[in-house]
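Me: Hi! I have a structure open and would like to talk it through with you. Can I send you my questions as they come up?

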2 protein chains.
Amino acid sequence: MTKNALVEQIRQKKSYLCIGLDTDIDKVPRHLLSYRDPVFEFNKQIIEATKPYCVSYKINTAFYESRGLSGWESLEKTVRYIPGDYLKIADAKRGDIGNTSSQYARAFFETLNFDAITVAPYMGEDSIRPFLEYENKWTIVLGLTSNPGAANFELLPTGSERVFERVLKTVSTWGSPENIMFVIGATQTEEFVNVRRILPDYFFLVPGVGTQGGSLEEISETAMNEDCGLLVNVSRAVIYAGNGEDFAEKAAHKALQYQATMCGYIK
Amino acid sequence: MTKNALVEQIRQKKSYLCIGLDTDIDKVPRHLLSYRDPVFEFNKQIIEATKPYCVSYKINTAFYESRGLSGWESLEKTVRYIPGDYLKIADAKRGDIGNTSSQYARAFFETLNFDAITVAPYMGEDSIRPFLEYENKWTIVLGLTSNPGAANFELLPTGSERVFERVLKTVSTWGSPENIMFVIGATQTEEFVNVRRILPDYFFLVPGVGTQGGSLEEISETAMNEDCGLLVNVSRAVIYAGNGEDFAEKAAHKALQYQATMCGYIK
């Protein structure tokens with residue numbers, strides 16, 4: 001998916017919501033457990049119910065890998081089920097030496113046909129380059145994450161800046177706003193002005209709204225740019241909004257609430 | 001596997017060799033392609049031929065994920081095939097917020113029954129803790145990697161030390177030499193004395209010998225400790241030593257050469 005196509009979707013739907021399919025089989029409503037693949041059935045119903053309100057789905061690979069082969073099967077079925085005009089993100093946090101990152105790129109961009117993958121920057125340039133070689137695919141690099149552990153290394157000072165700022169500045173020179181995004185956690189609101197100043201033109205994937213406590217309003221006020229420049233992800237607060245037979249309806253209602261707020265910020 | 005059990009294996013076999021099963025289906029000898037699962041067949045023959053000379057096998061998940069569901073199946077069959085007295089490492093470079101890292105820990109330590117997993121430290125403490133909760137399992141954290149990209153962020157100065165040194169010092173306080181190892185690339189030989197000084201008691205997983213050009217002799221001379229403290233990984237140089245019908249024999253011969261060198265360093 002190109003940047004123009006993504007921006008077009010955001011404007012049409014007046015939404016920059018990404019829904020995270022962190023589907024935990026232990027949290028799927030009981031009535032789905034009789035299906036052959038309860039996780040896929042859950043995802044299918046969530047996608048059908050929420051798709052008017054979002055522009056992207058993010059699949060957290062950990063929740064599928066934890067179930068082994070059958071989990072990987074649910075993942076494959078889910079990514080194929082998502083309609084083509086949604087940005088399909090593999091939240092995989094991969095990254096390794098060049099010849100290995102090439103294999104990850106092939107896994108997620110070719111075999112599974114995701115549009116985007118999240119990547120950890122620790123190992124540097126040759127661990128990220130192989131993902132950037134794909135046209136119309138996105139590499140979403142960890143910048144400043146939403147979790148408490150961000151304080152351990154991401155926020156360390158290095159010279160006149162901090163490690164995550166160096167990551168943003170360095171990695172952004174390896175590609176462009178057409179093929180790189182950065183993860184900036186919603187819980188880091190005091191940093192959003194600073195981060196947008198460093199990278200005026202890049203899209204940010206913003207997790208941490210909902211269960212983790214980040215504020216959609218604050219992020220939208222401080223970090224939106226001309227093209228919107230934001231994809232705000234909500235996972236648990238949407239997909240587990242209910243856990244009865246009406247779970248999908250409840251998820252849709254929650255997604256609509258987020259979209260309604262977003263609508264007020266879209267230029 | 002406990003540290004005592006690992007050290008015992010190293011002393012018995014006079015080897016601290018780990019063989020990396022980075023099995024690329026495009027590099028598997030042609031005569032194996034008629035098998036239902038050529039990658040598993042290749043791994044099985046490599047394991048049978050090399051097991052007298054090593055104490056550990058490392059499965060690089062990228063090479064399996066790139067083949068989708070059938071790749072994940074080869075991975076599961078391979079890890080189950082490795083005998084119980086070998087340290088089974090998932091070279092997966094995972095790491096995410098706490099609730100997601102818990103799912104990765106479950107995937108690799110429970111569902112797949114690996115003994116160890118490699119983890120990226122960028123996201124800090126809550127991304128690593130969930131792995132440490134498992135008894136007799138190992139968390140192998142990226143310290144200073146073997147690739148050129150290590151210079152981008154790992155080697156950045158922060159105060160009087162560098163980022164990777166801060167990672168070694170901080171992460172080591174979250175566990176002990178009984179459940180944490182660090183990845184130190186073999187191509188970073190000038191750093192080995194320094195790293196061993198920072199962490200006298202920890203095991204290092206050392207990739208980069210073989211195709212990447214690191215020196216087994218230099219590492220052994222500078223970084224061995226009382227318990228050996230080293231697992232030296234070789235992947236491509238062993239598993240692709242030949243690519244005819246005698247590929248396993250050639251791999252065994254190469255593994256034996258490494259073991260013969262190691263034998264001279266074991267106390």
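Predicted model: local features only at pLDDT ≥ 70, side-chain atom pairs only at ≥ 80, totals over all residues.

Me: Okay! In what order do the strands of the chain A barrel come?
Reply: Eight strands close into the barrel of chain A, and the order is β1-β2-β3-β4-β5-β8-β9-β10. Their pairing is parallel. From one strand to the next, the twist averages 30°.

Me: Which ways can strands of a sheet pair in general?
Reply: Either parallel or antiparallel, through backbone hydrogen bonds.

Me: Let's zoom in on β3 of chain A. Is it mostly covered or mostly open?
Reply: Mostly covered: eight of the eight residues of β3(A) are buried.

Me: And which way do its side chains point?
Reply: A:L87, A:I89, A:D91 and A:K93 point one way from β3(A). A:K88, A:A90, A:A92 and A:R94 point the other way, and all of these residues are buried.

Me: How many bridges join β2(A) to β3(A)?
Reply: Five, and the two strands run parallel. Strand β2(A) covers residues 56–60. If you want a pair to look for, A:K58 stands opposite A:I89 in β3(A).

Me: What about the other neighbour, β4(A)? How many bridges there?
Reply: Three bridges join β3(A) to β4(A), which run parallel. A:I89 turns up here too, with A:A116 in β4(A) as its bridge partner.

Me: Which helix goes with β3(A) and β4(A) in a β-α-β unit?
Reply: That would be α5(A), and the unit is right-handed.

Me: Changing topic: what is the strand order in the chain B barrel?
Reply: In chain B, eight strands close into a barrel in the order β1-β2-β3-β4-β5-β8-β9-β10, with parallel pairing. Neighbouring strands of this sheet are turned by 30° against each other on average, direction ignored.

Me: Give me a pair of strands to look at in chain B. Where are β9 and β10?
Reply: β9(B) is at residues 203–206 and β10(B) at residues 230–234, and they pair in the parallel sense over three bridges. There, B:F204 has B:L230 in β10(B) as its bridge partner.

Me: Which helix lies across β1 and β10 of chain B?
Reply: Helix α11(B), residues 247–263. It runs at about 155° to β1(B).

Me: Now the two chains together. How many residues are in contact?
Reply: 50 residues of chain A are in contact with 50 residues of chain B. Elements that give two or more residues to the chain A side include α4 (68–81), β3 (87–94) and α7 (163–172) of chain A. The most comes from α5(A), with seven residues.

Me: What kinds of residues are on that side of chain A?
Reply: They divide into 21 nonpolar, 17 polar and twelve charged.

Key. Residues numbered from 1 in each chain as written. Chains lettered and ligands numbered in written order. Pairing = 2+ DSSP bridges. Helix = DSSP H or I, 4+ residues; strand = E, 2+ residues; numbered from the N terminus. Axes fitted to C-alpha atoms, helices over the stretch in contact; angles between N-to-C directions. Contact = placed C-beta atoms within 7 Å. Nonpolar A, V, L, I, M, F, W, Y, C, P; charged D, E, K, R; others polar. Buried ≥ 20, exposed ≤ 12 C-beta atoms within 10 Å, placed from the backbone. Right-handed = clockwise from strand over helix to strand, strands pointing away.
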